[in-house]
Amino acid sequence: MANLVNWLEIPVSDMARARAFYERVLPASIEINEQVAPGIRMGFIHTPDMEMKDVGGALVEGDGYTPGTGNTLVYFNANESGGCEAFLKRVEEAGGTVSTPAFQISPEIGYCGFFTDSEGNRLAVHSIRN
């Protein structure tokens, strides 16, 4: 198994705001789909070089999806988008809040940092370089 994670869903309360935030922060586009299930809107996250075998995810708005800091913690990969500091700078520029600036875990593991997105979710970023 190459990737432990198969799919991720980030709860949102305002799809337009969340889409604008994530399209600015991630190297990705978000395609809105309202046909998935009654009362559920999904914003599918697509990176330019994503293949079907790659990890994917979506922003999700609807019943049972409540943004917050107590959800599962997701770490975004910043290895190909400038490293942790550049990623966290984009978070702030897009209206998010950096709660823990980038720091080195160890030389072998790399760096990480923590932030809150436009919806109030606590998330993280990881990269081999700062």
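Which residue in S7 does Val98 stand opposite?

1. Pairing of S6 and S7. The model is predicted. In it, Val98 has Phe115 of S7 as the residue opposite. The two strands concerned are S6, residues 97-106, and S7, residues 110-116; they run antiparallel and are joined by six bridges.

2. Setting of Arg41. Arg41 lies in strand S3, which covers residues 40-46. Its relative accessible area is 28%, so Arg41 is classed as partly exposed. That class sits between the cut-offs of under 20% for buried and over 50% for exposed.

3. Contacts of Arg41. Leaving aside residues up to four places away in sequence, Arg41 touches Met15, Ile32, Asn33, Glu34, Leu59, Val60 and Glu61. One of these, Glu34, also makes a polar contact with Arg41, side chain to side chain, at 3.3 Å. Another, Met15, is 26 residues from Arg41 in sequence, while the C-alpha to C-alpha separation in space is 7.9 Å.

4. Cysteines. The number of disulfides in the structure is zero. The cut-off for a disulfide is a pair of sulfur atoms within 2.5 Å.

5. Burial of the cysteines. Cys84 has a relative accessibility of 0% and therefore counts as buried. Cys112 is buried as well, since its relative accessible area is 4%; the limit for this class is under 20%.

6. Second largest pocket. The volume of the second largest pocket is about 180 Å³. Its lining consists of 13 residues, of which Glu9, Ile10, Pro11, Asn71 and Thr72 are the closest to the centre. Two elements give two or more residues to this lining: strand S1 (7-11) and strand S8 (122-127). S1 gives the most, with four residues.

Note on methods: Residues are numbered from 1 along each chain as its sequence is written. This is a predicted model: local features need pLDDT of at least 70, side-chain atom pairs count only at pLDDT 80 or more; totals for chains, interfaces and linings use all residues. Side-chain values use heavy atoms; hydrogens and water are left out. Two strands pair if DSSP finds at least two bridges between them. Buried means under 20% relative accessible area, exposed over 50%, partly exposed in between (1.4 Å probe, protein chains only). Contact means heavy atoms within 4.5 Å. A polar contact is a pair of N or O atoms within 3.5 Å; within protein, one must be able to donate a hydrogen and the other to accept it, and residues adjacent in sequence count only if both atoms are side-chain atoms. On a 1 Å grid over the protein atoms alone, a cavity is a set of points where a 1.4 Å probe fits but cannot get out, and a pocket is an open set with protein on both sides within 12 Å along at least five of seven lines; lining residues have an atom within 4 Å of a point. Grid points are joined across faces, edges and corners, and a volume is the space filled by probe spheres set on the points.
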